[in-house]
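Please look at the sequence and the three-dimensional structure together before reading on. The paragraphs below then lead from one part of the chain to another.

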Amino acid sequence: MGDSDMLLIALYAFLGAAAAGLLGALALRALRHRSVTVSLAVVAAVSVTAMLAGTLAVARAMFLSAHDLTVVTTVCAMAAVVSLATALVLGRWVVARSADLTRAARSFGEGGTFAAPGGGATAELDALSRELAATSARLAESRERERALDASRRELVAWISHDLRTPLAGLRAMSEALEDGVAEDPARYHRQIGAEVDRLNTMVGDLFELSRIHAGALPLRPSRMSVYDLVDEALAGAGPLAREQGVKLVGEGDGDGVAAVPVEVDGKEMTRVLGNLLVNAIRRTPPDGTVAVAARREADAVVVSVTDGCGGIPEEDLPRVFETGWRGSAARTRPGGAGLGLAIVRGIVEAHAGRASVHNVPGGCRFEVTLPAAGP
(Lines give C-alpha, C1' and ligand atoms only; values in the text may rest on other atoms or scores of the structure.)
Protein backbone atom coordinates (compact mmCIF):
# COMPACT_ATOMS: atom_id res chain seq x y z
CA MET A 1 0.00 0.00 0.00
CA GLY A 2 1.49 3.27 -1.14
CA ASP A 3 1.60 6.65 0.50
CA SER A 4 -1.25 7.92 -1.63
CA ASP A 5 -3.48 5.07 -0.42
CA MET A 6 -2.69 5.89 3.20
CA LEU A 7 -3.50 9.53 2.61
CA LEU A 8 -6.78 8.54 0.99
CA ILE A 9 -7.69 6.27 3.90
CA ALA A 10 -6.87 9.07 6.37
CA LEU A 11 -9.02 11.49 4.40
CA TYR A 12 -12.03 9.14 4.35
CA ALA A 13 -11.64 8.42 8.07
CA PHE A 14 -11.38 12.11 8.87
CA LEU A 15 -14.46 13.01 6.83
CA GLY A 16 -16.55 10.29 8.45
CA ALA A 17 -15.38 11.24 11.96
CA ALA A 18 -15.87 14.95 11.26
CA ALA A 19 -19.47 14.36 10.19
CA ALA A 20 -20.16 12.47 13.42
CA GLY A 21 -18.39 15.15 15.46
CA LEU A 22 -20.47 17.90 13.85
CA LEU A 23 -23.69 16.07 14.67
CA GLY A 24 -22.43 15.58 18.23
CA ALA A 25 -21.63 19.27 18.59
CA LEU A 26 -25.14 20.17 17.45
CA ALA A 27 -26.58 17.68 19.94
CA LEU A 28 -24.49 19.09 22.78
CA ARG A 29 -25.63 22.61 21.92
CA ALA A 30 -29.27 21.55 21.90
CA LEU A 31 -28.89 19.69 25.22
CA ARG A 32 -26.59 22.19 26.95
CA HIS A 33 -29.19 22.98 29.63
CA ARG A 34 -29.75 19.33 30.52
CA SER A 35 -27.98 17.22 33.13
CA VAL A 36 -24.28 16.53 32.89
CA THR A 37 -25.21 12.84 32.57
CA VAL A 38 -26.82 13.53 29.21
CA SER A 39 -23.80 15.52 28.04
CA LEU A 40 -21.40 12.71 29.02
CA ALA A 41 -23.60 10.17 27.21
CA VAL A 42 -23.54 12.36 24.09
CA VAL A 43 -19.75 12.66 24.27
CA ALA A 44 -19.38 8.89 24.59
CA ALA A 45 -21.78 8.30 21.71
CA VAL A 46 -19.97 10.84 19.55
CA SER A 47 -16.62 9.15 20.19
CA VAL A 48 -17.89 5.72 19.17
CA THR A 49 -19.94 7.09 16.29
CA ALA A 50 -16.94 9.02 14.95
CA MET A 51 -14.87 5.86 15.02
CA LEU A 52 -17.64 3.87 13.34
CA ALA A 53 -18.27 6.52 10.71
CA GLY A 54 -14.60 6.73 9.84
CA THR A 55 -14.35 2.93 9.68
CA LEU A 56 -17.43 2.60 7.44
CA ALA A 57 -16.14 5.31 5.11
CA VAL A 58 -12.81 3.53 4.76
CA ALA A 59 -14.51 0.13 4.40
CA ARG A 60 -16.67 1.32 1.51
CA ALA A 61 -13.74 2.98 -0.16
CA MET A 62 -11.67 -0.19 0.12
CA PHE A 63 -14.57 -2.46 -0.86
CA LEU A 64 -14.36 -4.70 2.22
CA SER A 65 -16.45 -7.86 2.22
CA ALA A 66 -19.83 -7.93 3.93
CA HIS A 67 -18.47 -10.31 6.59
CA ASP A 68 -15.59 -7.99 7.47
CA LEU A 69 -17.90 -5.01 7.60
CA THR A 70 -20.24 -6.87 9.96
CA VAL A 71 -17.34 -7.74 12.25
CA VAL A 72 -16.17 -4.13 12.38
CA THR A 73 -19.69 -2.85 13.05
CA THR A 74 -20.22 -5.38 15.86
CA VAL A 75 -16.96 -4.37 17.54
CA CYS A 76 -17.93 -0.68 17.37
CA ALA A 77 -21.39 -1.46 18.76
CA MET A 78 -19.91 -3.27 21.78
CA ALA A 79 -17.55 -0.35 22.34
CA ALA A 80 -20.53 2.00 22.21
CA VAL A 81 -22.42 -0.01 24.85
CA VAL A 82 -19.45 0.00 27.23
CA SER A 83 -18.76 3.70 26.62
CA LEU A 84 -22.36 4.72 27.21
CA ALA A 85 -22.57 2.66 30.40
CA THR A 86 -19.37 4.21 31.70
CA ALA A 87 -20.59 7.72 30.81
CA LEU A 88 -23.93 7.15 32.55
CA VAL A 89 -22.26 5.87 35.74
CA LEU A 90 -19.83 8.79 35.78
CA GLY A 91 -22.61 11.26 35.04
CA ARG A 92 -24.84 9.97 37.84
CA TRP A 93 -21.92 10.14 40.28
CA VAL A 94 -21.12 13.74 39.33
CA VAL A 95 -24.81 14.68 39.55
CA ALA A 96 -25.08 13.13 43.03
CA ARG A 97 -22.02 15.04 44.26
CA SER A 98 -23.40 18.24 42.73
CA ALA A 99 -26.75 17.68 44.47
CA ASP A 100 -24.98 17.23 47.82
CA LEU A 101 -23.06 20.44 47.23
CA THR A 102 -26.27 22.25 46.27
CA ARG A 103 -28.00 21.19 49.49
CA ALA A 104 -25.00 22.29 51.55
CA ALA A 105 -24.90 25.64 49.74
CA ARG A 106 -28.66 26.10 50.29
CA SER A 107 -28.28 25.85 54.06
CA PHE A 108 -25.34 28.25 53.79
CA GLY A 109 -27.50 30.76 51.92
CA GLU A 110 -30.23 30.58 54.55
CA GLY A 111 -27.92 32.10 57.16
CA GLY A 112 -26.20 28.99 58.43
CA THR A 113 -22.63 27.90 58.06
CA PHE A 114 -21.40 25.87 55.14
CA ALA A 115 -20.30 22.30 55.79
CA ALA A 116 -18.65 20.55 52.85
CA PRO A 117 -20.48 17.29 51.94
CA GLY A 118 -18.69 14.05 52.64
CA GLY A 119 -17.56 11.55 50.05
CA GLY A 120 -15.26 11.93 47.12
CA ALA A 121 -15.76 14.52 44.42
CA THR A 122 -14.02 15.88 41.38
CA ALA A 123 -11.19 18.36 41.79
CA GLU A 124 -13.44 21.17 40.58
CA LEU A 125 -16.18 20.36 43.08
CA ASP A 126 -13.61 20.05 45.86
CA ALA A 127 -12.23 23.49 44.95
CA LEU A 128 -15.76 24.91 44.93
CA SER A 129 -16.44 23.38 48.36
CA ARG A 130 -13.27 24.91 49.79
CA GLU A 131 -14.15 28.32 48.37
CA LEU A 132 -17.68 28.14 49.79
CA ALA A 133 -16.28 27.15 53.18
CA ALA A 134 -13.88 30.11 53.11
CA THR A 135 -16.72 32.43 52.09
CA SER A 136 -18.86 31.05 54.91
CA ALA A 137 -16.12 31.82 57.43
CA ARG A 138 -15.75 35.36 56.11
CA LEU A 139 -19.50 35.94 56.25
CA ALA A 140 -19.63 34.61 59.80
CA GLU A 141 -16.93 37.07 60.80
CA SER A 142 -18.82 39.84 59.00
CA ARG A 143 -22.07 38.97 60.78
CA GLU A 144 -20.27 38.98 64.12
CA ARG A 145 -18.77 42.40 63.38
CA GLU A 146 -22.19 43.66 62.31
CA ARG A 147 -23.79 42.43 65.53
CA ALA A 148 -21.05 44.07 67.57
CA LEU A 149 -21.47 47.30 65.60
CA ASP A 150 -25.24 47.26 66.08
CA ALA A 151 -24.80 46.73 69.81
CA SER A 152 -22.27 49.56 69.90
CA ARG A 153 -24.65 51.85 68.04
CA ARG A 154 -27.50 51.04 70.40
CA GLU A 155 -25.28 51.80 73.37
CA LEU A 156 -24.16 55.02 71.72
CA VAL A 157 -27.74 56.16 71.11
CA ALA A 158 -28.66 55.38 74.71
CA TRP A 159 -25.63 57.19 76.11
CA ILE A 160 -25.98 60.18 73.80
CA SER A 161 -29.64 60.49 74.79
CA HIS A 162 -28.64 60.38 78.45
CA ASP A 163 -25.82 62.90 78.03
CA LEU A 164 -27.95 65.29 75.98
CA ARG A 165 -30.88 65.15 78.37
CA THR A 166 -28.83 66.32 81.36
CA PRO A 167 -27.44 69.59 79.91
CA LEU A 168 -30.70 70.34 78.12
CA ALA A 169 -32.62 69.98 81.36
CA GLY A 170 -30.11 72.26 83.08
CA LEU A 171 -30.34 74.85 80.30
CA ARG A 172 -34.12 74.81 80.49
CA ALA A 173 -34.12 75.24 84.27
CA MET A 174 -31.59 78.10 84.15
CA SER A 175 -33.38 79.88 81.31
CA GLU A 176 -36.70 79.64 83.17
CA ALA A 177 -35.05 81.00 86.33
CA LEU A 178 -33.63 83.94 84.38
CA GLU A 179 -36.93 84.53 82.64
CA ASP A 180 -38.87 84.52 85.93
CA GLY A 181 -36.28 86.76 87.58
CA VAL A 182 -35.60 84.34 90.43
CA ALA A 183 -31.91 83.78 89.65
CA GLU A 184 -29.84 85.05 92.56
CA ASP A 185 -26.69 85.44 90.41
CA PRO A 186 -27.65 85.97 86.75
CA ALA A 187 -24.00 86.31 85.69
CA ARG A 188 -23.18 82.87 87.08
CA TYR A 189 -26.21 81.42 85.28
CA HIS A 190 -25.05 83.00 82.03
CA ARG A 191 -21.59 81.50 82.44
CA GLN A 192 -23.07 78.09 83.20
CA ILE A 193 -25.32 78.29 80.16
CA GLY A 194 -22.29 79.10 78.00
CA ALA A 195 -20.39 76.14 79.45
CA GLU A 196 -23.28 73.76 78.77
CA VAL A 197 -23.65 75.08 75.22
CA ASP A 198 -19.93 74.50 74.65
CA ARG A 199 -20.31 70.97 75.96
CA LEU A 200 -23.22 70.29 73.61
CA ASN A 201 -21.30 71.82 70.72
CA THR A 202 -18.32 69.55 71.44
CA MET A 203 -20.57 66.51 71.54
CA VAL A 204 -22.21 67.38 68.22
CA GLY A 205 -18.80 68.07 66.70
CA ASP A 206 -17.57 64.65 67.84
CA LEU A 207 -20.61 62.98 66.29
CA PHE A 208 -20.04 64.80 63.01
CA GLU A 209 -16.35 63.86 62.99
CA LEU A 210 -17.15 60.23 63.72
CA SER A 211 -19.75 60.10 60.96
CA ARG A 212 -17.18 61.39 58.46
CA ILE A 213 -14.66 58.80 59.65
CA HIS A 214 -17.16 55.94 59.28
CA ALA A 215 -18.16 57.21 55.84
CA GLY A 216 -14.53 57.37 54.73
CA ALA A 217 -14.96 61.07 54.00
CA LEU A 218 -12.47 62.50 56.47
CA PRO A 219 -10.50 65.16 54.54
CA LEU A 220 -6.78 65.00 55.30
CA ARG A 221 -4.20 67.65 54.45
CA PRO A 222 -0.93 65.93 55.30
CA SER A 223 2.24 67.90 55.68
CA ARG A 224 5.74 67.06 56.80
CA MET A 225 6.37 67.80 60.48
CA SER A 226 8.32 66.48 63.43
CA VAL A 227 6.86 64.35 66.18
CA TYR A 228 8.32 66.81 68.69
CA ASP A 229 6.07 69.59 67.39
CA LEU A 230 2.97 67.39 67.67
CA VAL A 231 3.75 66.35 71.23
CA ASP A 232 4.66 69.89 72.30
CA GLU A 233 1.43 71.33 70.91
CA ALA A 234 -0.69 68.62 72.55
CA LEU A 235 0.99 69.18 75.94
CA ALA A 236 0.40 72.92 75.69
CA GLY A 237 -3.28 72.39 74.91
CA ALA A 238 -3.85 69.93 77.77
CA GLY A 239 -1.90 71.97 80.34
CA PRO A 240 -4.83 74.00 81.74
CA LEU A 241 -6.98 70.91 82.29
CA ALA A 242 -4.09 69.10 83.98
CA ARG A 243 -3.56 72.03 86.37
CA GLU A 244 -7.26 72.18 87.13
CA GLN A 245 -7.33 68.46 87.93
CA GLY A 246 -4.10 68.56 89.89
CA VAL A 247 -2.38 66.14 87.48
CA LYS A 248 1.26 66.46 86.49
CA LEU A 249 2.09 66.33 82.77
CA VAL A 250 5.46 64.88 81.79
CA GLY A 251 6.95 64.85 78.30
CA GLU A 252 9.48 62.13 77.56
CA GLY A 253 11.36 60.96 74.48
CA ASP A 254 14.69 59.95 73.09
CA GLY A 255 15.68 63.50 72.28
CA ASP A 256 16.85 64.42 68.82
CA GLY A 257 16.33 60.85 67.65
CA VAL A 258 12.57 61.37 67.68
CA ALA A 259 12.55 65.09 66.96
CA ALA A 260 14.54 64.49 63.79
CA VAL A 261 12.07 61.87 62.50
CA PRO A 262 9.47 63.53 60.29
CA VAL A 263 5.95 62.21 59.70
CA GLU A 264 3.47 62.99 56.96
CA VAL A 265 0.25 63.78 58.85
CA ASP A 266 -2.58 66.25 59.03
CA GLY A 267 -1.38 68.42 61.90
CA LYS A 268 -4.88 69.48 62.99
CA GLU A 269 -6.28 65.95 63.07
CA MET A 270 -3.22 64.44 64.73
CA THR A 271 -3.25 67.18 67.37
CA ARG A 272 -6.84 66.20 68.04
CA VAL A 273 -5.75 62.57 68.46
CA LEU A 274 -3.13 63.42 71.07
CA GLY A 275 -5.47 65.93 72.70
CA ASN A 276 -8.21 63.30 73.08
CA LEU A 277 -5.74 60.83 74.58
CA LEU A 278 -4.40 63.43 77.03
CA VAL A 279 -7.86 64.62 78.10
CA ASN A 280 -8.95 61.02 78.59
CA ALA A 281 -5.81 60.27 80.64
CA ILE A 282 -6.05 63.43 82.78
CA ARG A 283 -9.70 62.89 83.66
CA ARG A 284 -9.06 59.32 84.79
CA THR A 285 -5.88 59.99 86.72
CA PRO A 286 -6.38 60.89 90.39
CA PRO A 287 -5.09 64.25 91.74
CA ASP A 288 -1.33 64.35 92.30
CA GLY A 289 -0.99 61.63 89.67
CA THR A 290 1.15 61.79 86.54
CA VAL A 291 0.37 61.57 82.84
CA ALA A 292 3.43 60.91 80.70
CA VAL A 293 3.76 61.48 76.96
CA ALA A 294 6.63 59.70 75.21
CA ALA A 295 7.86 59.20 71.66
CA ARG A 296 10.23 56.61 70.26
CA ARG A 297 11.46 55.29 66.93
CA GLU A 298 10.71 51.71 65.86
CA ALA A 299 12.12 50.61 62.49
CA ASP A 300 10.19 52.63 59.88
CA ALA A 301 7.60 53.94 62.35
CA VAL A 302 7.27 56.42 65.19
CA VAL A 303 5.33 55.49 68.33
CA VAL A 304 3.76 58.18 70.52
CA SER A 305 2.41 56.93 73.85
CA VAL A 306 0.28 58.43 76.62
CA THR A 307 0.53 56.72 80.01
CA ASP A 308 -1.96 57.53 82.77
CA GLY A 309 -2.59 56.52 86.38
CA CYS A 310 -6.16 55.25 86.03
CA GLY A 311 -5.37 51.98 87.77
CA GLY A 312 -5.73 49.89 84.63
CA ILE A 313 -8.53 48.60 82.44
CA PRO A 314 -10.10 45.15 82.97
CA GLU A 315 -8.58 42.67 80.53
CA GLU A 316 -11.99 41.78 79.11
CA ASP A 317 -12.61 45.44 78.25
CA LEU A 318 -9.30 46.08 76.46
CA PRO A 319 -10.55 44.91 73.03
CA ARG A 320 -13.52 47.33 73.31
CA VAL A 321 -11.66 50.46 74.34
CA PHE A 322 -11.72 52.01 70.85
CA GLU A 323 -15.32 51.06 70.11
CA THR A 324 -17.85 53.80 69.53
CA GLY A 325 -19.59 54.68 72.78
CA TRP A 326 -17.32 52.67 75.10
CA ARG A 327 -16.62 54.42 78.38
CA GLY A 328 -15.82 51.62 80.80
CA SER A 329 -17.75 49.87 83.51
CA ALA A 330 -18.42 53.10 85.43
CA ALA A 331 -18.99 55.17 82.31
CA ARG A 332 -22.46 56.47 83.15
CA THR A 333 -21.26 58.12 86.30
CA ARG A 334 -18.14 59.68 84.84
CA PRO A 335 -18.16 63.21 83.44
CA GLY A 336 -16.97 64.48 80.15
CA GLY A 337 -18.16 63.10 76.88
CA ALA A 338 -20.19 60.37 75.25
CA GLY A 339 -17.46 57.83 74.70
CA LEU A 340 -16.55 59.09 71.23
CA GLY A 341 -13.02 60.36 71.82
CA LEU A 342 -11.18 57.06 71.55
CA ALA A 343 -13.25 55.95 68.55
CA ILE A 344 -12.25 59.20 66.83
CA VAL A 345 -8.62 58.54 67.78
CA ARG A 346 -8.64 55.15 66.08
CA GLY A 347 -10.44 56.47 62.99
CA ILE A 348 -8.01 59.34 62.46
CA VAL A 349 -4.93 57.18 63.09
CA GLU A 350 -6.11 54.48 60.68
CA ALA A 351 -6.84 57.16 58.08
CA HIS A 352 -3.10 57.98 58.34
CA ALA A 353 -2.19 54.30 57.71
CA GLY A 354 -1.28 53.92 61.38
CA ARG A 355 -2.71 51.97 64.30
CA ALA A 356 -3.88 52.72 67.82
CA SER A 357 -3.50 50.27 70.71
CA VAL A 358 -3.74 50.10 74.49
CA HIS A 359 -2.33 47.86 77.20
CA ASN A 360 -2.10 47.93 80.95
CA VAL A 361 1.01 49.01 82.82
CA PRO A 362 1.65 49.12 86.58
CA GLY A 363 -0.77 51.66 88.06
CA GLY A 364 -2.54 52.56 84.83
CA CYS A 365 -2.64 51.99 81.10
CA ARG A 366 -0.70 53.14 78.08
CA PHE A 367 -2.24 54.25 74.79
CA GLU A 368 0.06 54.04 71.79
CA VAL A 369 -0.25 55.64 68.37
CA THR A 370 2.01 54.14 65.70
CA LEU A 371 2.58 56.26 62.58
CA PRO A 372 4.73 55.52 59.54
CA ALA A 373 7.85 57.66 59.40
CA ALA A 374 8.08 59.95 56.40
CA GLY A 375 10.60 59.20 53.69
CA PRO A 376 13.88 61.05 53.38
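What follows is a guided reading of selected residues and their surroundings.

This is a predicted model, in which local features need pLDDT of at least 70 and side-chain atom pairs count only at pLDDT 80 or more, while totals for chains, interfaces and linings use all residues. Residues are numbered from 1 along each chain as its sequence is written, and side-chain values use heavy atoms, with hydrogens and water left out.

The reading begins with helix 1 (residues 3–30), where Leu22 is placed. Helices (H or I, at least four residues) and strands (E, at least two) are DSSP runs, numbered from the N terminus. Leu22 counts as exposed because its relative accessibility is 54%; here buried means under 20% relative accessible area, exposed over 50%, and partly exposed in between (1.4 Å probe, protein chains only). Together with Leu23 and Leu26, Leu22 forms a nonpolar patch on the surface, with about 330 Å² of accessible area in total. Patches are made of residues with over 30% relative accessible area and no salt bridge, like charges being joined within 9 Å and nonpolar side chains (Val, Leu, Ile, Met, Phe, Trp, Tyr) within 5 Å. Accessible areas come from the Shrake-Rupley method with a 1.4 Å probe, and for residues only the protein chains shown count as cover.

A buried residue comes next. Ala87, in helix 3 (residues 66–109), is buried because its relative accessible area is 7%. Leaving aside neighbours within four places in sequence, Ala87 is in contact (heavy atoms within 4.5 Å) with Leu40, Ala41 and Ala44. Ala87 and Leu40 are 47 residues apart in sequence, yet their C-alpha atoms are 5.4 Å apart in space.

Charged residues form the next topic. Side chains of opposite charge can pair when their charged atoms come close. A search of the whole structure finds five salt bridges, a salt bridge being a side-chain nitrogen of Lys or Arg within 4 Å of a carboxyl oxygen of Asp or Glu. One of them joins Arg172 to Glu176, with the closest N and O atoms 3.3 Å apart. These two residues are separated by about one helical turn because they lie four residues apart in helix 4 (residues 123–180). Another salt bridge joins Glu264 and Arg224, at 3.8 Å between the closest N and O atoms. This pair links distant parts of the chain, 40 residues apart: Glu264 is in strand 3 (residues 262–265) and Arg224 in strand 1 (residues 223–226). Glu298 and Arg296 also meet in a salt bridge, at 2.9 Å from N to O, and Arg296, Glu298 and Glu368 are linked in a network of salt bridges.

Which charged residue is buried yet has no salt bridge? Asp266 is that residue, and the nearest side chain of opposite charge, Arg221, is 4.9 Å away; Lys and Arg count as positive and Asp and Glu as negative, with His and the chain ends not counted. Asp266 is placed in the loop between strand 3 and helix 8 (267–283). Beyond its neighbours within four places in sequence, Asp266 is in contact with residues including Pro219, Arg221 and His352.

His352 lies in the loop between helix 9 (341–351) and strand 6 (355–361), and counts as buried because its relative accessibility is 10%. A polar atom of the His352 side chain lies 2.8 Å from the backbone oxygen of Ile348. Apart from neighbours within four places in sequence, the contacts of His352 include Glu264, Asp266 and Leu371.

Note on methods: A polar contact is a pair of N or O atoms within 3.5 Å; within protein, one must be able to donate a hydrogen and the other to accept it, and residues adjacent in sequence count only if both atoms are side-chain atoms.
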